[in-house]
Amino acid sequence: MSEKILAVCAGHEITEKEVKDLIANYPPEQQIYLSSPKAQDELVEQLIGFHLFSKMAEENKIKESREYKETLAKMENELASHMAATSVIDKVTLTEEEAKAYYDANPNQFVSEKQVKAKHILVETEEQGKKILEEIAAGKSFEDAAKEYSTCPSKEKGGDLGYFGKGQMVPEFEKAAFEGTVGEVAGPIQTQFGYHLILVEDIKEEQAVSFEDIRENLMDKLLQQKKQSVYLEKVKELEGKYGVERKG
């Protein structure tokens, strides 16, 4: 069965297969969007433009120009060099045993940092903070106080900031949060943004990350490092074989 023809441009038939082949060149996440009728219509227009300019190039004998031939030669060299390098690193593999050995030899690299889960209320003055603290002590929930008084966008979630590690908050806020006690409100704490009341809800202490949790990411990382090492070794080998003289 012949392919459905979507357009004829400068004598060239643009078929569904040509559009599908073009879509296949895009990353998988984009292919989903490009499968819609609207997107395919846009691709047909792109192909029409491509074939029109291709016909123009043929008519103007661009392929016979010196500039074209020089550019083509450069592209051919770049492609050949790329394929040669790829042939070296594509052979590189990494086993799970190698990754586990690295994991076991470097335990300090696989430790999750201490994290704090907290809510806060941000106000402009220390007096406001103290007044709100009194209301909370009298029975008002921290979440309701945050929604009513806080000037931070987190007020919509009752002041919830989720979990955060060191280095993510301004120093004064971080110190109070990490030294706080779960279930108690600290503050008012002054920072460059104003005054904070901080409710620490949970503390996750520093702990080792299991190999299973890190295995996939670790193997990807180590494989890339191994490929880089093999590439550099090959460059050194080729320098000895073909010669390199660096100047400057």
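Analyst: What follows looks at one residue, Ser 154, and then at the chain around it. The model is predicted.

Ser 154 sits in a loop, with helix 7 (142-149) on one side and strand 5 (160-165) on the other. Its relative accessibility is 7%, so Ser 154 counts as buried, the cut-off for that word being under 20%. Leaving aside residues up to four places away in sequence, Ser 154 touches His 120, Gly 159, Asp 160 and Leu 161. With His 120 there is also a polar contact, side chain to side chain, at 3.4 Å.

The loop that holds Ser 154 belongs to a protein chain with 9 helices and 8 strands. Of the 248 residues in this chain, 24% are buried, and Ser 154 is one of the buried residues. Taking contacts between residues at least 6 apart in sequence, 60% join residues at least 24 apart.

As for overall dimensions, the radius of gyration of the protein chain is 31 Å, whereas a compact globule of 248 residues would have one near 18 Å. Along the principal axes, the C-alpha atoms fill a box of roughly 85 × 55 × 50 Å.

The surface comes last. The protein chain exposes about 17600 Å², and 51% of that is supplied by carbon and sulfur atoms. Its side chains include 33 positive and 48 negative ones, with the centres of the two sets 5 Å apart.

Terms used
Residues numbered from 1 in each chain as written. Predicted model: local features only at pLDDT ≥ 70, side-chain atom pairs only at ≥ 80, totals over all residues. Heavy atoms only, no water. Helix = DSSP H or I, 4+ residues; strand = E, 2+ residues; numbered from the N terminus. Buried < 20%, exposed > 50% of the residue type's maximum accessible area, 1.4 Å probe, protein only. Polar contact = N/O pair within 3.5 Å; in protein donor to acceptor, adjacent residues only side chain to side chain. Contact = heavy atoms within 4.5 Å. Rg over C-alpha atoms; globule rule 2.2 N^0.38 Å. Areas by Shrake-Rupley, 256 points an atom, 1.4 Å probe, with all protein chains shown as cover. Lys, Arg positive; Asp, Glu negative; His and termini not counted. Charge placed at Lys NZ, Arg CZ, Asp CG, Glu CD.
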